[in-house]
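Welcome, and thanks for taking a look at this one with us. Please have the sequence and the 3D view open side by side as you read the briefing.

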Amino acid sequence: MTLKSRRRWQLNQDYPTLKKWFKDHQWESPIPKDILPELGIIIDDICAAGLYTDKSSTLGYMYGIFSNPNIPKLTLFKSMKECFEGIKELAKELNLKYIYTTTGEMALHKLYNNHLHLTKLETTIQSYIIDLNNTNKNLDWISE
């Protein structure tokens, strides 16, 4: 199997693909484009991950790995590993020392723990958000 190309995402160009994946996962609402980070990696039409950064910190935050739900599991697994390698390379280019991530998805937990060898930090976490402009009534994209 040959993996499709790994590249930095171009959010304006790639957001329609991400939005389609969100719809294919049957989320009621997609992640709003303005919430996603400018920096990220995409494996064409398979999976993608964004990397949130702050110039004053050496910590980056990866919010999950988004995927096309219509991809065979083995292809998706290999592509997710490749996507994370791209995130690591990007983080190193930015002189980050850490990549922090969280997940409620068992498949990502297994990937992070068993195959990417990330250090598990917390087992019970509650997450919260406040919509300062009261513009997103449906937070399906970030809720359980």
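Which residues on the other side of α2 are exposed? They are L74 and K92, where exposed means over 50% relative accessible area, buried under 20% and partly exposed in between (1.4 Å probe, protein chains only). This is a predicted model, in which local features need pLDDT of at least 70 and side-chain atom pairs count only at pLDDT 80 or more, while totals for chains, interfaces and linings use all residues. Residues are numbered from 1 along each chain as its sequence is written, and side-chain values use heavy atoms, with hydrogens and water left out.

**Helix α2**

- Helices (H or I, at least four residues) and strands (E, at least two) are DSSP runs, numbered from the N terminus.
- With 21 residues, α2 reaches 30 Å from its first C-alpha to its last, close to the 30 Å expected at 1.5 Å a residue, a span taken as 1.5 Å times one less than the number of residues.
- Its buried residues are T75, L76, S79, M80, C83, F84, G86, I87, L90 and A91.
- Just after α2, N95 takes a positive phi of about 60 degrees.

**Nonpolar cores**

- A nonpolar core is a set of buried Ala, Val, Leu, Ile, Met, Phe, Trp, Tyr and Cys residues joined through side-chain atoms within 4.5 Å.
- The largest has 21 residues, of which C47, M62, I65, M80, L111 and Y112 touch the most other members.
- β2 (40-43), β3 (47-52), α2 (73-93) and α3 (106-115) each supply at least two residues of this core, and α2 gives the most, with seven.
- Another core, of twelve residues, lies apart from it and has L18, F22, F66 and W141 among its members.

**Cysteines**

- There are zero disulfides in the structure, a disulfide being a pair of cysteine sulfur atoms within 2.5 Å.
- The sulfur of C83 is 4.5 Å from the closest cysteine sulfur, in C47, and is therefore too far for a bond.
- C47 is buried, at a relative accessible area of 0%, and C83 is buried at 0% too.

**Strand β4**

- L51 stands opposite M62 in β4.
- With strand β6 (residues 98-101), β4 pairs in the parallel sense over four bridges.

Definitions and conventions
Pairing = 2+ DSSP bridges.
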